[in-house]
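Hi everyone, thanks for coming.

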Amino acid sequence: MWTLAGRGCRRGRVLLPWGTGAARSELPRPRPAPSFGAAAECWAGDRLCSSAGRKEKPDMSKFPVEDIRNFSIIAHVDHGKSTLADRLLELTGTIDKTKNNKQVLDKLQVERERGITVKAQTASLFYNFEGKQYLLNLIDTPGHVDFSYEVSRSLSACQGVLLVIDANEGIQAQTVANFFLAFEAQLSVIPVINKIDLKNADPEMVEKQIEKVFDIPRNECIKISAKLGTNVESVLQAVIERIPPPKVHRKNPLRALVFDSIFDQYRGVIANVALFDGMVSKGDKIVSAHTQKTYEVNEVGVLNPNEQPTLKLYAGQVGYLIAGMKDVTEAQIGDTLYLHNHPVEPLPGFKSAKPMVFAGMYPTDQSEYNNLKSAIEKLTLNDSSVTVHRDSSLALGAGWRLGFLGLLHMEVFNQRLEQEYNTSVILTTPTVPYKAILSSAKLIKEYREKEITIINPAQFPDKSKVAEYLEPVVLGTIITPDEYTGKIMALCQARRAVQKHLMFIDQNRVMLKYLFPLNEIVVDFYDSLKSLSSGYAREKAYSVGKTICERLKDSLPRQLFEIAIQAAIGSKIIARETVKAYKKNVLAKCYGGDITRKMKLLKRQAEGKKKLRKIGNIEVPKDAFIKVLKTQSNK
Amino acid sequence: MVLPGPRARGLVAAARAAQGRRVGSAEGSPRGDPASRRAALYVHWPYCEKRCSYCNFNKYVARGGVDEAALRRCLVTEAHTLLALGGVHRVDSVFFGGGTPSLASPHTVAALLEAVAQVAHLPADSEVTLEVNPTSAPGSRLAEFGAAGVNRLSIGLQSLDDAELQLLGRTHSARDALRTLAAARRLFPGRVSVDLMLGLPGQQLGPWLGQLRELLRHCDDHLSLYQLSLERGTALFAQVQRGAVPAPDPELAAEMYAEGRALLRTAGFRQYEVSNFARRGALSTHNWTYWQCGQYLGVGPGAHGRFVPHGAGCHTREARIQTLEPDNWMREVIQFGHGTRKRVPLDELELLEEVLAMGLRTDVGITHQHWRQFESQLTLWDVFGASEEVKRLQEQGLLLLDHRGLRCSWEGLAVLDSLLLTLLPRLQEVWWQRSPPPVPGG
C-alpha cells in the first residue's frame, strides 16, 4: 500500500530515483521452447537461433517504417506488466500458447523470484491486422525505478507506452514516476487497466484517477485481464492505431541507439539497438560515439525474444548486433553507433551509468577473496552500472566498495552473487555519494579539482577544508490513504524533505511529492513508512544498541585485558557491556601424559588466533562482525 | 621371591632423602651419563576401587579382581624392553601413578624397581614417588611401600570438606585424609605431597581458603593446587549438563587460585610450577623432568613416554603412547615385549615448542643455558627479542626476557596459555624464516 517513487535531481541534473519493490512470488518454471510464429519456423531451446544450419534468415526489408510500432510496457511493481507481455507474445505466436508460459521475458532467476525485471528484454512481434503484417517491437523495461535511466533509454527507442495499472490498487507511486518519464519523452500513453477479473477490482475508480492525475480521458483506458487473456487483442490494435510509426529515414547513414546490452560468455557483448536512421548488416564497420572505438559487425538480428539473425536491420527496427565488444562498458546504454566514415550527431540523453548507492562488500572469509573477486568481475561484465573500487576495512579485511543504481539494484547484485556464483559476502550499510567544494588550496592541489565526490565515508574531508558539501536529492512520490497524511508529513520533515506537491487523487487517497536528501531515505525510509501504519515502536535505538553490545560480547574471546563495548549515538553512550580480562588461563595439570593433548590444543588455538583480526590491541573473530552486521540487517 | 636389593636400597634412599634434598633440576651432575642416556620412568597402575566423578584418566574398576602377578610380569617386561630401546643408562626418578597405584602390592613396586636396577643405574637417592589414595593406604602399608623402595608420597587428598569429597566421588573422608597425611609424614618426613582442588561446583572463596589454611597446619613441604576441569564423559560433567550441580565458576576459581598462591607464598612455599608449591627445596624431580623436556619412559596401559629410541639406532625423540586397555596391553606385552600403540617422531620445531610450553610453566622459566641444550643456533633473543607482540607482553608485566632467560611474571604464570598463543606462532615464524618448510611438489 505504501509506495514511494520519483526522480531525482542534484543541481539541475536528473539523478537517481528511488522506489520499492513488492515481492511477487513466481515459481521458476522450465523455459518453454519459443516458436517464431510469423516465419512458421520453430526453435528448440535457448539461444540456439544463431547456430549454424538455420534456414533462410528473415528479410527485414519487407517491413517499411509505417508498418513498425515500437512500444514499451510500464507499470508499478506487480501490476501485471510481465503477464501482459507474455500474452502479447502468445497472441502474436512468438511463444507457444499451450505451454502456460510465465513471464518469458524475465530470464534471470532473481527476476522470477522477486517478480521484478532487472534486465530489459525485447521481443519483435509479427502481427496481422486488417490484412497487413505489422512489426511490433516490444521493448521491455526494468520494473524498478532504481533502473530509471535504463527505463528512459528504453523509452527513447519507443514512440508509445502501455501504462498498466492494477484495477484493484489503482495508481501507485511508480505508476506516476513512469508516466512522467513517458510524458517527458513525448510518447503516446495507452492506459491499460489490468486485473479486472479480480473480485475487488474497481476499474471505474482507476479511470477517474487516471483522468485526474494524468489528464487522460476515461474512454482511452483499455480494461483487460492479462491473466485470463480478456480483451488483450484490443491492446495490440490500440498499439497499431494510437502509437505512431517511428520518424526515421532508411536513406540516411546509420544512427543506432544502444538501449541495453548483455554479455554472452561465448559471443561477447550483445547490444540491443534501435535504428533511428539507415541500416546495418553483417560486415559493416561501426563506431561507438562514446568510446570512439571501431568494430566490425558479426551478426545482426531481431529478438523474438531470443536472438534470431537477420540479413539486415533497417531504420525504425529494433534488434541486436554483435560486434566483437568484449565487455558491456563498450556498449553503454544510451550510446549511439554509426558507420565508420559516416559520423552522425549522437542521439541526445546519453549518460554513463551513475551509481548512487555505495556499500562495502567483503568476503566472509578472507580466504574467499579471490573467488569473490572473480565472481564480481563476471557479474559486472553483464552489468556496467555497478562500479567497483578496491577497499579495505580494519574490521573486515580486503574487499571492495561497490556503487549501485539503488538499494534494490544492490540487493539483486548480492543475490545474484549468491545464487549464480555461490559466494557469501558481508555488505556494509549503504551510503550515498557526497560532493565537497574544497576551500583548502592544498587539498585542491592534491585532488586536482575543486569539487570532489566522496563515495567512502572514511574519506570524508574535514569541514575546515571545505566550503560546501553537496548531497544527492530525489523527488519522491508517496501515495497514501489520507488518514496517514499527517504522520507521513512529520516523517518526511524529520528526514529533511521539502514538500513540493500534495493532491487528492480520489476521495481518500493523497499523493505527496517531496524532495528528499537521498541519504535520508536510502536505508530504512520505506520501513519507517510501513511502520507508521503497523505501529512499530519507533525508538528502537536503545534495544538495538543493547543487542549489538551483547552479541559482540558473546562473540569476543576473553583477552588479557578488559574490553568495554559501548553503543553510542553521537557522543551519548546508550549501552555498555564488558568482556572481562582473563585472570586465569592455564592448564592446571600438565604432566607426561598431558603434553601431547596440550600442545595440540595450543596449536589449534594459535591457528584460530591467526584468523582473528586485530583492532588496536583487541583480537576480534571475523564472525563477530558478521553477527553484529546481521543483527542490524535483521532489524 | 626375595628382593633384598631394592628393599635395602629403598631404606637407604629414604634416609638420605630425609637428610638433605637435591634442588630440583634434571640438569644436575651428569655422573658420566649424558642426558640422552638418562630418563625418568613413569609406571601406570590402571585400576581403581571406584570411579571418581571428575576423573577422565585411563583407569578401570576391575570386577573379577586383578591378576596382579600377570600385570606385574608385564610391567617388568615392558620396563625392560623400553629401557633397552631407549638405551637408558640411568634412571633418575620413578613415579607410580594411576589409577590408584597404592592399590598395588608393595611387592609389585619392589619388582619394578628391581627390574630397573637390573638394566640401568638407579641411584640410591633417585626420587621414587607413589600416588596414594587416603583410604587404600593405612600406615602399615605405607611402611611396606617404603621398604619396597618408595621414598616420596603424593596424597590425593583433594578437599577437606566431606560434602565436596562426596561430590567428587572420593571414597575417603577429610579425617581419613588427615590421618593418612600424618602417617605419611612420619614415614617419609619432608617427602610428602598433597593435592588440593579448587573451583568445585558451589565452592566459595572463604571456606576454600579455610581449607587451605587448615591444610597448611598439617601438610609437609609439598603441595599441589589443581583447578577442577570438567571433562566430557565424566559423571560430574553429566551432572552439570543436567543442571543437577551448578557449573563451576571460572571467575571464582581464578580468585581462589590467586588468593591461594599468595597465601602459600606467605607461608614460605615457592611456586615452582603453575600448580606446584614446595618449601625447603622439596620439589619433585620427576615432574621437573617433564617441564624441562627431559626424557621419560611410560610403562603400563595408556602410559605416555618421550625418548630417543637409541637402542633401535634412532636419533629422533618420539612421543609414545601405550595401549590403553589393560587386557590388550598385556597381550601385546606378552607377544612383543611392549604395548606401544603409537609412536610419533617429534621434529626439532615440535620439540622446541614443547620446551617453550612446558618450561614456562616453571618459575625459572627457560634459561638461556636450558634453551641451548635443545637449540644451539637460534637464541631466545633471536626468537623473541625483536617481536613487538612479545614486547607488549613484557610491557604488560606478564613476561620477562633478560640475561637469565625467558619466564613468566607472577601475574603472567596465571595466564600462560594466553601468552603461548603469542609465543608459539612467533617461534614457528622465526623457525621457518631460517629454514623454510619444503614446498609440496617442489
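Look for the cluster held together by ring pairs: Tyr591(A) joins Tyr226(B), Tyr272(B), Trp288(B), Tyr290(B), Trp291(B) and Tyr296(B). Keep in mind, by the way, that this is a predicted model. You can find another charge over a ring in chain B, where Arg434(B) lies over the face of Trp431(B), at 4.5 Å from the ring centre.

Okay, back to ring pairs. How many aromatic pairs does the structure hold over all chains? There are 20. Take Phe63(A) and Phe126(A): the ring centres are 5.4 Å apart and the planes are at 45°, so we call this pair tilted. Phe63(A) is in the loop between strands E4 and E5 of chain A, while Phe126(A) is in strand E6 of chain A, so the pair ties together parts 63 residues apart in sequence. Are these two buried or exposed? Phe63(A) is buried, at 3% relative accessible area, and Phe126(A) is buried too, at 8%.

Now compare Trp45(B) and Tyr47(B): here the planes are at 70° with the centres 6.1 Å apart, so that pair is edge-to-face. Both Trp45(B) and Tyr47(B) are buried.

Last stop, a strand. E26 of chain A, residues 451-454, has Ile452(A) and Ile454(A) on its covered face, with Glu451(A) and Thr453(A) on the uncovered one. E26(A) pairs with strand E25 of chain A in the antiparallel sense, over four bridges. Within that strand, Ile452(A) is the bridge partner of Ala436(A).

Methods:
Residues are numbered from 1 along each chain as its sequence is written. Chains are lettered from A and ligands numbered from 1 in the order in which they are written. This is a predicted model: local features need pLDDT of at least 70, side-chain atom pairs count only at pLDDT 80 or more; totals for chains, interfaces and linings use all residues. Side-chain values use heavy atoms; hydrogens and water are left out. Buried means under 20% relative accessible area, exposed over 50%, partly exposed in between (1.4 Å probe, protein chains only). Helices (H or I, at least four residues) and strands (E, at least two) are DSSP runs, numbered from the N terminus. Two strands pair if DSSP finds at least two bridges between them. Rings of Phe, Tyr and Trp (its six-membered ring) pair if their centres lie within 6.5 Å; planes under 30 degrees apart count as stacked, over 60 as edge-to-face and the rest as tilted. A charge sits over a ring if NZ of Lys or CZ of Arg is within 6 Å of the ring centre and within 35 degrees of the ring normal.
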